[in-house]
Amino acid sequence: LDKRFDPKMAEAFRFGVNYIDAAQIYNGGQCEAAVGNFWTRAKLKREDFWITSKSPEHEAEPLRKCLDVGLKDMKTKYVDLYFMHALQEETYLNGSMEKMAARLKKEGKIKHFGFSCHDGNVAELLHAAAQRPWIDVVMFRYDFSKYGDKKLNKAIDRAKKANVGLIAMKTQKS
């Protein structure tokens, strides 16, 4: 992404894309600044598009600090969805993080909270999310080779039943 004004984002918005998936660590640490510069220079209304962003931090206070930097870089008071990025261990889905998610929502900095996961324990993490009503959304690796994975499908069903939003990523097996 071009940090000053990204033409790819402009083209996407021209064709109706209104979902931005960002992270502090994307684009060499420049992704969130590129998002902020794009939407303000394009004179878009913040309520007309959705921003999902992610923190590489999995502890409550460092995650909050990461969000604050991201909000400043993205030139916004809130993100629609905020993730703990690339979660591997269920232990981070603890009381401290639950309290932080509630605090960030109360402060109006986030609307929804969750995590993304990529590794071999996606099914276990989906089950963990289903047990925690404060997890709103999980973004997980799911590609066409996983269609017959009964363990994973059962976890997806359980998360859906628990009203956890699900976003599939890397669907072409990348």
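**Salt bridges, pair by pair**

Mentor: At 19% relative accessibility, D136 counts as buried. Keep in mind that this model is predicted. The partner of D136 is K105, and their side chains meet in a salt bridge at 2.7 Å, N to O. K105 lies in helix α4 (residues 95-106), while D136 sits in the loop between α5 and β5 (137-141). The two are 31 residues apart, so the pair links distant parts of the chain. K105 itself is partly exposed, at 30% relative accessibility.

Now take K54 and D21. They form a salt bridge too, with the closest N and O atoms 2.5 Å apart. This pair also links distant parts of the chain: K54 is in strand β2 (residues 50-55), D21 in strand β1 (residues 19-21), 33 residues apart. D21 is partly exposed, at 29%.

Next, K8 and D6. Their closest N and O atoms are 3.3 Å apart, and they form a salt bridge. K8 is exposed, with a relative accessible area of 55%. D6 is buried, at 0%.

Why do such pairs form? Side chains of opposite charge can pair when their charged atoms come close.

Some bridges share partners. That joins E61, R64, D68, R103, E107 and K109 into one network. In total, the structure holds 14 salt bridges.

How values were computed: Residues numbered from 1 in each chain as written. Predicted model: local features only at pLDDT ≥ 70, side-chain atom pairs only at ≥ 80, totals over all residues. Heavy atoms only, no water. Salt bridge = Lys/Arg side-chain N within 4 Å of Asp/Glu carboxyl O. Buried < 20%, exposed > 50% of the residue type's maximum accessible area, 1.4 Å probe, protein only. Helix = DSSP H or I, 4+ residues; strand = E, 2+ residues; numbered from the N terminus.
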